[in-house]
Amino acid sequence: MLFDVVTIGTAVVDVIMHASGSKRMLVDTKAGTLCFPLGAKFDIAEKDFLLNSGGGATNTAVTFSRQGLLAGCVAEVGEDVLGALIVEELRRDRVHPLVSVNRKMPTGLSCILVHENGERTVLTMRGASVDLSLSEIPFADVETKWAYIAPGAMPKRRVEEIIRIFEAKGAKVALNPSKAQLAKGLQGMKKILGSVDVLFVNEEEAALVTRIAREKQDAIFKVLDKAVRGIVVMTSGPNGVRVSDGKTVWSAGVFQNKKIVDRLGAGDAFGAGFVAGLLTHEKKNKSAAFSDSAISYAIRLASANATAVVEGLGPKVGILTQKHFQTGARWQKFPIHKNHTQ
Ligand SMILES: Nc1ncnc2c1ncn2[C@@H]1O[C@H](COP(=O)(O)OP(=O)(O)OP(=O)(O)O)[C@@H](O)[C@H]1O
Ligand SMILES: [Mg+2]
């Protein structure tokens, strides 16, 4: 089957509880700590509760599908009701589940507590989601224009192998590495970064992999531009994003929020929105994937998608459809600044 995008990474079930209106529940200390009195019980309103599929692979696949692209999701679940729920939800969102079932480990589950300010604490039981091996990825049946890798806690060596195989099949590769992988530094990540067409990191992760202070963004870009084959996307939460292809740096802020419910899934929504933007722009305009207009379109779609996601509960509720993005008045204008560095 020929896909536009195949996502590879984690699939878990998210159980999300939002603490809106229950100030009693949490003591927010200066250190930014959420405290629960031991032995207490709290009621949660229905509107503040959500149980649905999550994890980088499923979240990003849904963005691709809602943008009208043919998407597959490669991940691993357990042989249990939660695994079945993940597969069912993917199908409902027209994503092809290329999901492997682990007969020994349970489906991964995240318990997410959201503070009124949108910040969250995540308790994760990774379960089967980290057991995806190379032999369980149906490479032989899958042709794809792009591979979007959200590897979670996958070992670095396996990420290298997955990239190598997709590269050999002629797919472009987008990667949103985990902190543990980035902690290996530029030398440890050399092989991976040298084969990636789009790298997504937030400021903190960019500083971690380069060992350069996060304030020194120009220096960070200089180093990453050299290490990464393609373009580098550095997100800065509510401060927006900078994108570099080594010659030009595009920078943008964020769309104004109506409200922030929780910032869970902002990174996935941005990354998938960005690649979806490159792909749809390329298809529509028959232009190069990394043309100036393609990158500007990708930044606008990614930013709109991430803002829509932080305005809804959980990582999926707000994900934009193609129609919502194209007809929503608030998403049409977005200032993007360009700076030539070479
Ligand atoms: N509070 C916010 N309001 C509007 N947009 C936001 C907000 N937070 C994040 N975004 C958008 O989402 C993008 C990605 O956010 P961020 O830099 O926090 O990613 P991240 O740290 O990788 O997130 P995650 O924890 O989901 O992996 C930002 O560049 C911005 O466009
Ligand atoms: Mg992230």
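Analyst: Helices here are DSSP runs of H or I with at least four residues, numbered from the N terminus. Keep in mind that this is a predicted model. On that basis, α9 spans 266-285 and α10 spans 292-310, and each supplies at least two residues of the shell around ligand 1.

User: What makes a residue part of the surroundings of ligand 1, and which are the closest?

Analyst: The C-beta atom, placed from the backbone, has to lie within 6 Å of the ligand. For ligand 1, 20 residues surround it, the closest being Asn202, Thr235, Gly237, Gly267 and Ala306. By class, that shell has ten polar, eight nonpolar and two charged residues.

User: Why is α1 called oblique to α9?

Analyst: The axes of α1 (residues 56-66) and α9 cross at roughly 40 degrees and come within 9 Å. Angles under 35 degrees would count as roughly parallel and 65 to 115 as roughly perpendicular, so α1 is oblique to α9. The crossing is right-handed.

User: Which residues of α1 and α9 meet?

Analyst: From α1 you have Gly56, Asn59, Thr60, Thr63 and Phe64; from α9, Asp268, Ala269, Gly271, Ala272, Gly273 and Ala276. Sorted by class, this contact has six polar, four nonpolar and one charged residues.

User: How do you know that the chain's radius of gyration agrees with a compact globule?

Analyst: With 342 residues, such a globule would have a value near 20 Å, and the chain has 19 Å, so the two agree. Along the principal axes, the C-alpha atoms fill a box of roughly 60 × 45 × 45 Å. The chain holds eleven helices and 14 strands.

Notes: Residues are numbered from 1 along each chain as its sequence is written. Chains are lettered from A and ligands numbered from 1 in the order in which they are written. This is a predicted model: local features need pLDDT of at least 70, side-chain atom pairs count only at pLDDT 80 or more; totals for chains, interfaces and linings use all residues. Ala, Val, Leu, Ile, Met, Phe, Trp, Tyr, Cys and Pro count as nonpolar, Asp, Glu, Lys and Arg as charged, and the others, Gly among them, as polar. Axes are lines fitted to C-alpha atoms, for helices over the stretch in contact, and angles run from 0 to 180 degrees between N-to-C directions. Angles under 35 degrees count as roughly parallel, over 145 as roughly antiparallel, 65 to 115 as roughly perpendicular and the rest as oblique. A crossing is left-handed if the near helix is turned anticlockwise from the far one by less than a right angle, and right-handed if clockwise. Two residues are in contact if their C-beta atoms, placed from the backbone, lie within 7 Å. The radius of gyration is taken over C-alpha atoms; the globule rule is 2.2 Å times the number of residues to the power 0.38.
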